[in-house]
Amino acid sequence: MYECEGQQFMALDLEMHRKIRNNNNTFAKVNGIQAIELKEGYAVAKMEITPDHYNPLDTVHGGAILTLADVAASFASNSHGIWQTTLDTTIHYVRAAAGKGTLYATAKEIKAFGGVSLLYK
């Protein structure tokens, strides 16, 4: 058990949670996204880039990048044992992701606001 702002929660087996999330998140699977590291309030996810992720300019579509970031944040936020979904997301692109390979997203908890929302970067 652990406590967050006066509420008690069951501690998760994070490795089991990572495996369950990878196996049961159909949207992430369809997009080629997997959690590769999971700690409480922290996650690293990867997305294997395929031609399906490209936009008409032959770079990775911004929606695919945002999806990777959102899924990484969901892995991290749900590591507390409370199932949550994204209420709002902001992303700033600094350059195009071009080529083949793997993209990685790291979600790190900055502040927990209780049982409703968390802030990630």
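## Nonpolar core

A nonpolar core is a set of buried Ala, Val, Leu, Ile, Met, Phe, Trp, Tyr and Cys residues joined through side-chain atoms within 4.5 Å. In this predicted model, the largest such core holds 21 residues. Those that touch the most other members are Ile33, Ala45, Met47, Val60, Leu68 and Phe75.

Two or more residues of this core come from each of strand S3 (33-39), strand S4 (42-49), helix H3 (62-77) and strand S5 (101-112). The greatest contribution is that of H3, which supplies eight residues.

## Salt bridges

Two salt bridges are present in the structure. One joins the side chains of glutamate 37 and lysine 39, with an N to O distance of 3.3 Å. Glutamate 37 has a relative accessibility of 30% and therefore counts as partly exposed. Lysine 39 is also assigned to the partly exposed class, because its relative accessibility is 44%.

The side chains of glutamate 48 and lysine 46 form a salt bridge as well, at 3.4 Å from N to O. Glutamate 48 is partly exposed, as its relative accessible area is 35%. Lysine 46 has a relative accessibility of 21%, so this residue too counts as partly exposed; the buried class requires a value under 20%.

## Aromatic rings

Lysine 39, which takes part in the salt bridge with glutamate 37, also has its charged end over the ring of tyrosine 42. The distance from that charged end to the centre of the tyrosine 42 ring is 5.3 Å.

Notes. Residues are numbered from 1 along each chain as its sequence is written. This is a predicted model: local features need pLDDT of at least 70, side-chain atom pairs count only at pLDDT 80 or more; totals for chains, interfaces and linings use all residues. Side-chain values use heavy atoms; hydrogens and water are left out. Buried means under 20% relative accessible area, exposed over 50%, partly exposed in between (1.4 Å probe, protein chains only). Helices (H or I, at least four residues) and strands (E, at least two) are DSSP runs, numbered from the N terminus. A charge sits over a ring if NZ of Lys or CZ of Arg is within 6 Å of the ring centre and within 35 degrees of the ring normal. A salt bridge is a side-chain nitrogen of Lys or Arg within 4 Å of a carboxyl oxygen of Asp or Glu.
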